[in-house]
Amino acid sequence: MKLKFECPLTWNDLAGTSTIRRHCDRCDHAVYNLSGMTRDQARRALALHEGAGKKMCVHFVSRNGQIVHD
């Protein structure tokens, strides 16, 4: 996965309490927590955005170069 931008805000800085989706007041975008999803849910979410030609803001935890999923 290639990241074009790394936001200085943390997941806890974002508005909301959902474990999957929060709102960034700084850039006015939804941010999706890939680590709060199963691997299949994350793949579907990424594919939906990519298929629609939309940019997607994401948060994730990685270990040994791999995204950690619920």
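## The sheet

Let's start with the sheet: it is an open one built from three strands, running in the order β1-β2-β3, with mixed pairing. At its edges sit β1 and β3 (57–59), each of which pairs on one side only. Going from one strand to the next, the twist averages 35°. Keep in mind as you look around that this is a predicted model.

As a bit of background, strands of a sheet pair through backbone hydrogen bonds, and they can do so in a parallel or an antiparallel way. Here, strand β2 (residues 29–33) pairs with β3 in the parallel sense, over three bridges.

## A leucine on the helix

Now hop over to helix α1 (residues 39–51), where you'll find L48. Is L48 buried or exposed? L48 counts as exposed, because its relative accessibility is 64% and the cut-off for exposed is over 50%.

For a sense of distance, compare L48 with D25: the two are 23 residues apart in sequence, and their C-alpha atoms lie 23 Å apart in space.

## How confident is the model?

The average pLDDT over the chain is 89, and 96% of the residues score at least 70. Confidence is highest in strand β1 (residues 21–24), with a mean of 95. Strand β5 (residues 66–67) is where confidence is lowest, with a mean of 86.

Methods: Residues numbered from 1 in each chain as written. Predicted model: local features only at pLDDT ≥ 70, side-chain atom pairs only at ≥ 80, totals over all residues. Heavy atoms only, no water. pLDDT = per-residue confidence, 0-100. Helix = DSSP H or I, 4+ residues; strand = E, 2+ residues; numbered from the N terminus. Buried < 20%, exposed > 50% of the residue type's maximum accessible area, 1.4 Å probe, protein only. Pairing = 2+ DSSP bridges. Axes fitted to C-alpha atoms, helices over the stretch in contact; angles between N-to-C directions.
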